[in-house]
Amino acid sequence: MVLRRVVVTGLGALTPIGNNIEEYWNGLINGVSGAAPITYFDASKFRTQFACELKNFNVEEFIDRKEARKMDRYAQYAMVSSEEAMNDANFDLEKIDKDRAGVIWGSGIGGLETFQIEVLNFAAGDGSPRFNPFFIPKMIGDIACGHISIKYGFRGPNFGTVSACASSTNAIIDAFNYIRLGHADVMVTGGSEAAVTIAGMGGFNAMHALSTRNDDPKTASRPMDKDRDGFVLGEGAGAIILEEYEHAVARGAKIYCEIGGGGMSADAHHITAPHPEGLGARNVMLNCLRDAGLKPTDVDGVNMHGTSTPLGDMAESKAIEQVFGEHAYTMNLNSTKSMTGHLLGAAGAIETISAILSIKHGIVPPTINHFTDDEKIDSKLNFTFNTAQKREMNVVMSNTFGFGGHNACVLVKKLGF
């Protein structure tokens, strides 16, 4: 069968460095750090006392208070970012075949705060099972895509993806495939996460996964830096409208770029640690290139998973050299997690949006907070340290790797490349 072309016609973002696409992009290219002391709860007894929270965000500016109370924060974030993306795509909803429009949304954890609140309330009580009737509908990881579909009346494919930090990239790849295989014409996709909670911070601290640089939160996320000591937890959402090319052209849609391909793989190595030689990371990039029908030399840049963990950054750098060979030294590599922190299941969505905007604007956002080279990472690789770089970008890949060894990579390219 002939695969249909898939393009991007709408974007939405809610991030620690900007509450919409324009603010997010300005934060990226200006190297803004979203890390600051935690305000959501008293973190004074935690090993890590900072995170990348949203700033100046009031959900009631977007969602009626009564409705918002029926949603966990992760679902609220999904609704806000998807609304921006839908407005950006500028559909006439009366002219969409809603049986061929769907939603696939990713979240690694889902309604963690809701679960935490209900369990703590029960534990503080007398043992009587008094639970909020919205407990389960607020908590479950698929409810965000349910809310989005209800709002717009989209009756096509609808489900959530869960693959830890690769969740929203898997959602994008699934949405891409549903369109190119002919099962849908329009898909809302992306991901959201709201794990800056007592349970989220405590759990990741117990794993020794987070940076503990409490004296200097803004520079704590240091991908590829010798002194990196763990990731910084972030929150938010990213939404992308995917559309079949002819469908978009027929309605005169603005087209950002084309989705070229997607790749998936497993490390099959360890529940949290990456394969030390980057085997799964290498395979996922090769699978993505194969799916897109492109050569390594066609790629201009990679938005790396780049979490600022000692093992992860090194393994991914090795994988890039294995995949791209000498061409690796001509590309721009970057980790936007240095600014946004790690949005877990939403990371792939906001980082794919960064890749899309790099193509649109011809600018590569920086990897900030670089102070000392790591002798274990090839210094000839261009990680776009500290300052954004102007460059024509025709093809960009975005990597996401999740606990459990889940790897996903999506490739975006300039229309017609």
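Trainee: What volume does the second largest pocket have?
Mentor: The second largest pocket has a volume of about 280 Å³. A pocket here is an open set of points on a 1 Å grid over the protein atoms alone, where a 1.4 Å probe fits, with protein on both sides within 12 Å along at least five of seven lines; lining residues have an atom within 4 Å of a point. Points are joined across faces, edges and corners, and the volume is the space filled by probe spheres set on them.

Trainee: Before more of that, what kind of model is this?
Mentor: It is a predicted model: local features need pLDDT of at least 70, side-chain atom pairs count only at pLDDT 80 or more, and totals for chains, interfaces and linings use all residues. Residues are numbered from 1 along each chain as its sequence is written, and side-chain values use heavy atoms, with hydrogens and water left out.

Trainee: Which residues lie nearest the centre of the second largest pocket?
Mentor: Ala68, Arg69, Met71, Gln76 and Lys138, out of 15 lining residues. Helix 2 (65–68), helix 3 (73–89) and helix 4 (112–124) each give two or more residues to that lining, and helix 4 gives the most, with 4. Helices (H or I, at least four residues) and strands (E, at least two) are DSSP runs, numbered from the N terminus.

Trainee: How many of its lining residues are charged?
Mentor: There are 8 charged residues, with 4 nonpolar and 3 polar. Asp, Glu, Lys and Arg count as charged; Ala, Val, Leu, Ile, Met, Phe, Trp, Tyr, Cys and Pro as nonpolar; and the others, Gly among them, as polar.

Trainee: And the largest pocket, what lines that?
Mentor: The largest pocket holds about 690 Å³ of space. It has 42 lining residues, and Thr272, Ala273, Pro274, Thr309 and Phe403 lie nearest its centre. Helix 10 (279–292), helix 11 (310–324), strand 13 (395–402) and strand 14 (406–413) each supply two or more lining residues. Helix 11 gives the most, with 6. By class the lining has 17 nonpolar, 20 polar and 5 charged residues.

Trainee: Switching to backbone. What is the phi of Ser308?
Mentor: Ser308 has a positive phi of about 85° although it is not a glycine. Ser308 sits in the loop between strand 9 (301–303) and helix 11.

Trainee: Is Ser308 buried or exposed?
Mentor: Ser308 is buried, with a relative accessible area of 0%. Buried means under 20%, exposed over 50%, partly exposed in between (1.4 Å probe, protein chains only). Leu344 also has a positive phi, of about 50°, and is buried at 3%. Leu344 is in the loop between helix 12 (337–340) and helix 13 (347–361).

Trainee: Now the largest nonpolar core. Which members touch the most others?
Mentor: Val8, Leu11, Ile240, Leu242, Ile259, Ile356 and Val412, out of 38 residues. Such a core is a set of buried Ala, Val, Leu, Ile, Met, Phe, Trp, Tyr and Cys residues joined through side-chain atoms within 4.5 Å. Helix 13 contributes the largest share, 6 residues.

Trainee: Last one. How far apart are Asp92 and Leu120?
Mentor: They are 28 residues apart in sequence and 45 Å apart in space, C-alpha to C-alpha. Asp92 is in the loop between helix 3 and strand 4 (101–106), and is partly exposed at 39%.
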